[in-house]
Amino acid sequence: MTKLNIGIILGSTREGRVSPQVGEWVKGIADKRGDANYEIVDIADYKLPFLGTTDGTEPGIAAWNGKLASLDGFVFIVQEYNHSITGALKNALDFARDAWNNKSAGIVSYGSTGGARAAEHLRGIMGELMIADVRVHPTLSLFTDFENGTVFKPNDLHLNNVNAMLDQVISWGGALKTLR
């Protein structure tokens, strides 16, 4: 059986964001497992316009959809902004449809309440896009897992949750691949 391809989606595009630190940490844990091909997918790299403001022919839109189509599952790195996900992530989710369908996803969130409210909003969106979100959800606190809100220093207790989430993403991803 070939390994699944799992994209670790960075959910923020703002200057000074910490999502690359969190994404690299998740990727480091994931790569040690050897059970899938993991890669960071940074929505900032695709320079997506706001949905509905252009004719949709920008090359980043096609590249974004192509990247998503090449993946079997996702891990979303989600930060909470005003009790929800970032506008950039919502826009990126909306720029694809079929490329999301029948794939698995996990969520690693952070914020003042561990990003729980953003994760709950994301789960509703994923349901509409036919993405099967897994139960285990590592939550990171801005107060205990980041130094001065900018330097990511995760507590060791998160390692078990990340691995359990990845177990679920891989098992569901393999099962859903049979539907595609």
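Reader: What is the basis of the model, and how are residues numbered?
Author: This is a predicted model in which local features need pLDDT of at least 70 and side-chain atom pairs count only at pLDDT 80 or more, while totals for chains, interfaces and linings use all residues. Residues are numbered from 1 along each chain as its sequence is written, and side-chain values use heavy atoms, with hydrogens and water left out.

Reader: How much space lies in the largest pocket?
Author: About 150 Å³ lies in the largest pocket. A pocket here is an open set of points on a 1 Å grid over the protein atoms alone, where a 1.4 Å probe fits, with protein on both sides within 12 Å along at least five of seven lines. The volume is the space filled by probe spheres set on the points, which are joined across faces, edges and corners.

Reader: Which residues lie nearest its centre?
Author: Arg14, Gln79, Glu80, Tyr110 and Leu142 lie nearest the centre, out of 14 lining residues; a lining residue has an atom within 4 Å of a point. The lining divides into four nonpolar, six polar and four charged residues. Ala, Val, Leu, Ile, Met, Phe, Trp, Tyr, Cys and Pro count as nonpolar, Asp, Glu, Lys and Arg as charged, and the others, Gly among them, as polar.

Reader: Turning to helices, at what angle do α1 and α5 cross?
Author: The axes of α1 (residues 19-33) and α5 (residues 158-177) cross at roughly 65° and come within 10 Å. Axes are lines fitted to C-alpha atoms, for helices over the stretch in contact, and angles run from 0 to 180 degrees between N-to-C directions. Helices (H or I, at least four residues) and strands (E, at least two) are DSSP runs, numbered from the N terminus.

Reader: Which residues make the contact?
Author: From α1 they are Trp25, Val26, Ile29, Ala30 and Arg33, and from α5 His158, Leu159, Val162, Asn163, Leu166 and Asp167. Contact means heavy atoms within 4.5 Å. Seven of these residues are nonpolar, two polar and two charged.

Reader: Is lysine 103 buried or exposed?
Author: Lysine 103, in strand β4 (residues 103-111), counts as buried because its relative accessibility is 3%. Buried means under 20% relative accessible area, exposed over 50%, and partly exposed in between, with a 1.4 Å probe and protein chains only. Not counting residues up to four places away in sequence, lysine 103 touches several residues, including Asp72, Phe74, Met130 and Arg180.

Reader: And serine 109, buried or exposed?
Author: Serine 109 also lies in strand β4 and is buried, at 0% relative accessibility. Leaving aside neighbours within four places in sequence, its contacts include Val78, His137, Pro138 and Thr139.

Reader: Which residues of α3 are buried?
Author: In helix α3 (residues 87-94), the buried residues are Leu89, Asn91, Ala92 and Leu93. Their cover includes β1 (4-10), α2 (59-69), β3 (73-79) and α4 (116-128).

Reader: Where is histidine 83, and what is its phi?
Author: Histidine 83 lies in the loop between β3 and α3. Its phi is positive, about 70°, although histidine 83 is not a glycine. Histidine 83 is partly exposed, with a relative accessible area of 44%.

Reader: What about phi of methionine 130?
Author: Phi of methionine 130 is near 60°, a positive value in a residue other than glycine. Methionine 130 lies in the loop between α4 and β5 (131-133) and is partly exposed, at 43% relative accessible area.
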